[in-house]
Amino acid sequence: MLKEININQKELSKSKLNVADASILNYLCEACDEKEYVHIDYTTLLKEMPLLRIKSIGALSRRLNKIEKEKFIETKRNKLGEKLIRLTNKTKKL
């Protein structure tokens, strides 16, 4: 479980992300890098981030789509249909 959440408020205030979205992005920054796509287990993410109080994978998926729209992450599907995530250069400012 992440014990701390580090959020660059000044940089994120330029986006449409809220604190919950930023917390998810912080988790992704710990789990991913900008060079490779990584599979993130949504159930594990929800267990690791109880403060979010998100109960469904659908709600988490909508937040990840929002983060992607803000261009902090890129996604693609692997051969099994799993969503893979990688960070973009924009996350370096965080």
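One definition before anything else: buried means under 20% relative accessible area, exposed over 50%, and partly exposed in between, with a 1.4 Å probe and protein chains only. Now the provenance. This is a predicted model, in which local features need pLDDT of at least 70 and side-chain atom pairs count only at pLDDT 80 or more, while totals for chains, interfaces and linings use all residues. Residues are numbered from 1 along each chain as its sequence is written, and side-chain values use heavy atoms, with hydrogens and water left out.

Confidence next. pLDDT is the predictor's confidence in each residue, from 0 to 100. The chain averages 92, and 100% of the residues score at least 70. Helix H1, residues 9-12, has the lowest confidence, with a mean of 90, and helix H4, residues 57-69, has the highest, at 97.

On to the fold. Helices (H or I, at least four residues) and strands (E, at least two) are DSSP runs, numbered from the N terminus. The chain has four helices and three strands, and their order along the sequence is α-α-β-α-α-β-β.

For overall dimensions, the C-alpha atoms fill a box of roughly 40 × 30 × 20 Å along the principal axes. The radius of gyration is taken over C-alpha atoms, and the globule rule is 2.2 Å times the number of residues to the power 0.38. For 94 residues a compact globule would come out near 12 Å, and the chain has 12 Å, which agrees. Of those 94 residues, 35% count as buried. Accessible areas come from the Shrake-Rupley method with a 1.4 Å probe; for residues, only the protein chains shown count as cover. The chain exposes about 6300 Å², with carbon and sulfur atoms supplying 48% of it.

Contact here means heavy atoms within 4.5 Å. Taking contacts between residues at least 6 apart in sequence, 53% join residues at least 24 apart.

Now the cysteines. How many disulfides does a search of the whole structure find? Zero, where a disulfide is a pair of cysteine sulfur atoms within 2.5 Å. Cys29 is in none, and the nearest cysteine sulfur, that of Cys32, is 8.0 Å away. As for accessibility, Cys29 is partly exposed at 30%, whereas Cys32 is buried at 10%.

Backbone angles. Two residues other than glycine have a positive phi: Arg53, near 60°, and Lys71, at about 65°. Arg53 sits in the loop between helix H3 (42-48) and H4, and its relative accessibility of 63% makes Arg53 exposed. Lys71 sits in the loop between H4 and strand S2 (73-77), and Lys71 is exposed too, with a relative accessible area of 59%.

Which residues does Thr88 contact, leaving aside its neighbours within four places in sequence? They are Glu34, Lys71, Phe72, Ile73 and Glu74. Thr88 lies in the segment after strand S3 (83-87). Is Thr88 buried or exposed? Buried, at 11% relative accessibility. Finally, Thr88 and Ser13 are 75 residues apart in sequence, and their C-alpha atoms are 18 Å apart in space.
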